[in-house]
Amino acid sequence: MFELEEKGYFYLLFIIPILLGLFLYVQIWKKKKQAEFGDLELIKKLSPEKSTFKPILKFGVLLLAIFFIILGLVNPKIGTKVEKVKREGIDIVFAVDVSKSMLAEDVTPNRLEKSKQLVSQIINKLASDRIGIIAYSGSAFPVLPITTDYSVAKMFLQSMNTTTISSQGTSIDQAIDLSTQYFNAKDKTRKLLVIISDGEDHSNEATDAAEEAKDLGIKIITIGVGTENGGKIPLKINGILEDYQKDKDGEIVITKRNPEVLTAIAKVTNGNYIDGNNTKTVVDFITERLKNIEKTEFEGMQMANFQSQFQWFLGIGFFLLLLDVFLLERKTAWVKKMDLFNEKE
């Protein structure tokens, strides 16, 4: 297993196509100028030792050198072994509403993106807790099982959208029911379900599901996104606004945050409801609550002894640069005899 320490340096790879474009431009320009000066075949005879292939080879070596140096700056690390580690934490499942109403833009950029920002920022504050992710609308879907790999969790989180689940609506009870399958009933680890939604629940069974969760030792915190004044649901194609969601009478739908539903669900498990429109407030609140929850020790598997490999890539890169310096543009005697590149007169 490997990881990349400084991924930002990958942007330097854009230098390679730029240099390639410049090289091709210069070659075309030189050909034109030589044609203006005189006959190309005659020019070749005037410089018989000049190779037509070596400049291309030199440039290719230079590009390879740049590529390996950039890889060295990124610093790939390789894990040498998997080992068991003991951690102290709790199990947290994030249930994110992906119904169409979450596309409303009464919060920036929209409710769904705001929800993903909240979860991502909360994950950044975690240390050794196990996390899982659920997406739900008319039904619930397991996005990520319980894990301690936060980078993978963020990757799956960002892939979520309103097409993740085909059935529309907002059935929070489905998310709560699915979360109970994430937690091991025999495990003494503290269990927390964080529901992020606008609260437009179209079922009447959410509080019943919360009662069952409470019996299993699950605490629920609900986070409401959106405004109580509400907003329209934009219908976009390739990022371009085409229309707004309408009801069966052709009227534009106004979707509003419903804090009462979310508050009632959290209250069942002695949890909390919090306004999710301010990211810092939410993150600080969740962080503070986690401090007050008793941590449980558990075992986990992780890749250990990650070792930097940058020196190999930098070594290859600088060797290629050195090779490029000593690689002359004239024909090499033994290569000329073999005529590998059809350069004989």
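**View A. Leu12 and a nonpolar surface patch in the predicted model.** Leu12 sits in the loop that runs between β1 (2–4) and α1 (15–37). Together with Tyr9, Ile15 and Leu73, Leu12 makes up a nonpolar patch on the surface. The accessible area of these four residues together is about 300 Å².

**View B. The buried face of helix α7.** Helix α7 spans residues 206–215, and its buried residues are Ala206, Ala209, Ala210 and Ala213. Viewed along the axis of α7, these buried residues fall within an arc of 105 degrees, so they line one face of the helix. An α-helix has 3.6 residues a turn, so residues three or four places apart point the same way. The cover over the buried residues of α7 includes α6 (172–182), β7 (218–224) and α8 (259–268).

**View D. Lys114, a buried lysine without a salt bridge.** Lys114 belongs to helix α4, which covers residues 111–125. Lys114 is buried, and the nearest side chain of opposite charge, that of Asp275, is 8.4 Å away. A salt bridge requires the side-chain nitrogen and a carboxyl oxygen to be within 4 Å. Leaving aside residues up to four places away in sequence, Lys114 touches Val107, Thr108 and Val225, as well as Gly276, Asn277 and Thr279.

Key:
Residues numbered from 1 in each chain as written. Predicted model: local features only at pLDDT ≥ 70, side-chain atom pairs only at ≥ 80, totals over all residues. Heavy atoms only, no water. Buried < 20%, exposed > 50% of the residue type's maximum accessible area, 1.4 Å probe, protein only. Helix = DSSP H or I, 4+ residues; strand = E, 2+ residues; numbered from the N terminus. Arc of directions from axis to C-beta. Contact = heavy atoms within 4.5 Å. Patch = residues over 30% accessible without salt bridge, like charges linked within 9 Å, V, L, I, M, F, W, Y side chains within 5 Å. Areas by Shrake-Rupley, 256 points an atom, 1.4 Å probe, with all protein chains shown as cover. Lys, Arg positive; Asp, Glu negative; His and termini not counted.
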